[in-house]
Amino acid sequence: MKNNVKVPVKLTLSVIAACLVSFCGLITETAVNIAFPAVMSTFEVSTEIVQWLTTGNLLVVAMITPLAAFLQKRFKLKRLFIFGTLCFIIGTVLAIVSPNFALLLIARMIQGVGTGVGVPIAFCIILEQIPFEKVGTYMGYGALVSAAAPALGPTYGGIVNQTLGWRYIFVILIPVLIFTLILGVNTIEEKHEPKKIPVDILGIIFIMLTFLGLVYGFANIAAFREKMVMEIAAFVIGVVALVLFVMHCRKCENPLIDVDIFKNIPFTCHLVAFFLINAIMLGASFLLPNYLQVALLCESMIAGFMLLPGAGLNALMGPFSGAALDKIGAQLPILLGTGLMAIGVLLFAVCGMKLTPGMIIAFYIIFGIGCGMSFGNTMTIGNLRLPVPQKAYGNTCFNTLMQFAGAVGTSVCAALVATAQMQNNSLIYEAKTAAGSTHAFLFLLILAIVCLVLQIVGFKVFQTKEDTKHVL
């Protein structure tokens with residue numbers, strides 16, 4: 001019966017349009033990183049300054065994304081889509097023509113607004129408008145975009161930067177964005193009328209301070225010793241603002257997030273597991289290109305091509321594993337995928353000091369298949385554990401943590417590598433990089449084990465509740 005359910009072509013095209021905006025936003029996060037040396041040369045800025053192209057973008061995205069549930073209730077989806085896409089186009093054009101670093105940074109932050117508004121729209125359309133029997137498959141398509149974009153970013157950025165120059169990383173996106181805007185305007189439909197919900201100013205201030213503090217703190221964790229006071233202050237501001245936000249949401253009539261959703265143990269387990277999957281994926285996306293280029297002395301383009309099989313399989317597994325969820329349920333694909341991801345990280349950690357290009361390609365394929373099987377399905381099953389009125393809040397939480405996880409995974413791994421590189425020992429720089437990468441892989445392995453445990457607990461608690469219902 002499930003196979004007979006058909007999704008209207010127009011609805012499918014609306015999902016594609018929303019996913020394309022998401023893809024453009026997410027691919028630039030990792031594509032720009034690989035062009036840092038070229039940008040530093042163009043504008044004569046330091047490594048510490050140039051990293052703000054990513055940090056500033058992530059800050060804006062992380063502060064805008066938590067507002068998604070409120071925005072989707074207050075405004076029409078099509079208007080949000082148009083606003084997000086136009087912001088990204090304006091930011092992209094500014095990035096192409098920017099005569100100095102300051103304008104390029106502003107351009108990246110405007111792109112961040114577009115990404116923050118645009119990324120949740122695809123999952124909102126899927127969860128609200130796609131027939132239940134096809135939700136897993138379409139969430140798989142959404143996961144393909146969310147996983148493929150940052151994974152393919154280093155390959156895309158490396159090839160374009162080396163052959164055309166860093167500005168063309170943005171130039172190539174313009175026709176895609178214009179096509180996306182036209183497609184979305186003609187296909188996205190409304191399924192509910194906007195409500196005049198009052199703006200929760202205090203909640204917005206608290207959530208923005210939360211991510212301003214935490215994202216800044218994690219993004220600059222490598223410089224903790226040099227900026228200890230600022231780093232501690234950033235984390236304190238983030239944590240205090242988060243506590244105040246939760247207290248405020250409990251009292252507020254129309255909160256940005258219904259904090260009662262976290263009482264749902266299966267949802268919370270899968271939400272935290274999803275955060276860890278993203279942190280592991282993006283941590284690995286930083287470590288492997290760095291290892292290949294610094295420890296094994298590969299060119300950026302060659303390094304990008306070596307990672308392409310694993311990144312490609314990561315992306316392609318999304319729709320297949322989503323279809324598997326629709327047919328056989330979520331437990332097997334998710335637990336198998338999380339297990340393969342953990343095995344991949346374990347192999348990297350065990351062989352960290354003696355990795356070869358062939359080993360990296362093989363291990364990354366195992367890792368990529370595991371991530372592809374677990375990434376989208378974890379988001380799907382987490383949202384399906386919530387009642388319909390709370391799904392918008394759940395979608396907001398998943399998309400927010402997806403952005404925050406990037407800052408955490410990348411920054412902690414970068415700090416571990418940098419610490420090893422600065423050690424005063426007899427190892428050459430390449431060996432120090434390999435040692436730091438090994439420490440980072442061990443960190444990711446711990447996260448992978450915790451992630452697997454959380455997935456098991458989430459399924460176990462849900463099954464226990466279902467059994468109790470049947471007994472009652």
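Let's start with a crossing: helix 6 and helix 10 cross in a left-handed sense. Keep in mind that this is a predicted model.

Now the geometry of that pair. Helix 6 covers residues 77-97, and helix 10 covers residues 173-187. Their axes are 10 Å apart, at an angle of about 165 degrees. Angles over 145 degrees count as roughly antiparallel, so helix 6 and helix 10 are roughly antiparallel to each other.

Who makes the contact? From helix 6, we have Lys 78, Phe 81, Ile 82, Thr 85, Leu 86, Phe 88, Ile 89, Thr 92, Val 93 and Ile 96. From helix 10, we have Leu 173, Ile 174, Leu 177, Thr 180, Leu 181, Gly 184 and Val 185. By class, the contact of helix 6 with helix 10 has 12 nonpolar residues, 4 polar and 1 charged.

Next pair: helix 7, residues 101-129, and helix 17, residues 391-421. Here the axes come within 10 Å and cross at roughly 150 degrees. What is the hand of the crossing of helix 7 and helix 17? Right-handed. Helix 7 brings Val 119, Pro 120, Phe 123, Cys 124 and Leu 127. Helix 17 brings Asn 395, Asn 399, Met 402 and Gln 403. That contact divides into 6 nonpolar and 3 polar residues, with no charged ones.

Gln 72 sits in helix 5, residues 68-74. Is Gln 72 buried or exposed? Its relative accessibility is 5%, so Gln 72 counts as buried. Leave aside residues up to four places away in sequence, and Gln 72 touches Leu 77, Leu 80, Pro 120, Ile 121, Cys 124, His 192 and Asn 395. Look back at the second pair: Pro 120 and Cys 124 are in the helix 7 part of that contact, and Asn 395 is in the helix 17 part. Gln 72 and Leu 287 are 215 residues apart in sequence, and their C-alpha atoms are 36 Å apart in space.

Last topic: cysteines. How many disulfides does the structure hold? The count is 0. Take Cys 269. The nearest cysteine sulfur to it belongs to Cys 451, 11 Å away. Cys 269 is buried, at 8% relative accessible area. Then Cys 413. A disulfide needs the sulfur atoms within 2.5 Å. Cys 413 is also buried, with 0% relative accessibility.

Terms used:
Residues numbered from 1 in each chain as written. Predicted model: local features only at pLDDT ≥ 70, side-chain atom pairs only at ≥ 80, totals over all residues. Heavy atoms only, no water. Axes fitted to C-alpha atoms, helices over the stretch in contact; angles between N-to-C directions. Helix = DSSP H or I, 4+ residues; strand = E, 2+ residues; numbered from the N terminus. Parallel < 35°, antiparallel > 145°, perpendicular 65-115°, else oblique. Left-handed = near helix turned anticlockwise from the far one by under 90°. Contact = heavy atoms within 4.5 Å. Nonpolar A, V, L, I, M, F, W, Y, C, P; charged D, E, K, R; others polar. Buried < 20%, exposed > 50% of the residue type's maximum accessible area, 1.4 Å probe, protein only.
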